[in-house]
Amino acid sequence: MMRKQREIDMTNDEMKKYTLGNMAGMLEQLRQKVNVLDALDRDTTTTGSYDLHDQLTSMILYLDMFDRAVMNAVKVVPSK
């Protein structure tokens, strides 16, 4: 896999922040997927409505916890 020149020229701390930023973006995408799944699960016109309620509640809880961990990690990485 070829790395972009910008990534090659980064310091270790810059790369950490870059990677944490990517993780935050991925979390947002995952949160959007969970929201779609939640909307589908709430559809009472289907036989499987609310069958994922407990799992979705757990997913949302853990996404929130992981998001906080990523944000805390960003604060810990030193800036220039």
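1. R42 is partly exposed, its relative accessible area being 42%. Its side chain meets that of D38 in a salt bridge, at 2.9 Å from N to O. D38 has a relative accessibility of 17% and therefore counts as buried, since the cut-off for buried is under 20%. Please keep in mind that this is a predicted model.

2. Now for the overall plan. The protein chain has three helices and zero strands, and its elements run α-α-α from the N terminus on. Along the principal axes, the C-alpha atoms fill a box of roughly 55 × 30 × 15 Å. The radius of gyration is 18 Å, whereas a compact globule of 80 residues would have one near 12 Å.

3. How much of the protein chain is buried? Buried residues account for 16% of the 80 residues. The chain exposes about 6,400 Å², and 60% of that area is supplied by carbon and sulfur atoms. Turning to contacts between residues at least 6 apart in sequence, 58% of them join residues at least 24 apart.

4. Helix α3 passes a simple length check. This helix covers residues 53-76, and at 1.5 Å a residue its 24 residues should span 34 Å. The C-alpha atoms at its ends are 35 Å apart, so the two values agree. The buried residues of α3 are L56, L63 and V70, and what covers them includes α2.

5. Which residue pairs with R31 in a salt bridge? The partner is D64, with the closest N and O atoms 2.8 Å apart. R31 belongs to helix α2 and D64 to helix α3, so this pair ties together parts that lie 33 residues apart in sequence. D64 has 30% relative accessibility and so counts as partly exposed.

6. A search of the whole structure finds three salt bridges, and one of them joins K16 and D13, whose side chains meet at 3.8 Å from N to O. An α-helix has 3.6 residues a turn, so residues three or four places apart point the same way. Both partners are partly exposed: K16 has a relative accessible area of 40%, and D13 has 27%.

7. The nonpolar patch deserves a look too. V36, L37, L40, L52 and M59 make a nonpolar surface patch of about 400 Å². Which element gives the largest share of the patch? Helix α2, spanning residues 12-41, contributes three residues, the largest share. V36 has its place in helix α2 and is partly exposed, with a relative accessible area of 48%.

8. At 45% relative accessibility, Q32 counts as partly exposed. The C-alpha atoms of Q32 and T57 are separated by 14 Å, and these residues are 25 apart along the chain.

Methods: Residues numbered from 1 in each chain as written. Predicted model: local features only at pLDDT ≥ 70, side-chain atom pairs only at ≥ 80, totals over all residues. Heavy atoms only, no water. Patch = residues over 30% accessible without salt bridge, like charges linked within 9 Å, V, L, I, M, F, W, Y side chains within 5 Å. Areas by Shrake-Rupley, 256 points an atom, 1.4 Å probe, with all protein chains shown as cover. Salt bridge = Lys/Arg side-chain N within 4 Å of Asp/Glu carboxyl O. Helix = DSSP H or I, 4+ residues; strand = E, 2+ residues; numbered from the N terminus. Buried < 20%, exposed > 50% of the residue type's maximum accessible area, 1.4 Å probe, protein only. Expected span 1.5 Å × (residues − 1). Contact = heavy atoms within 4.5 Å. Rg over C-alpha atoms; globule rule 2.2 N^0.38 Å.
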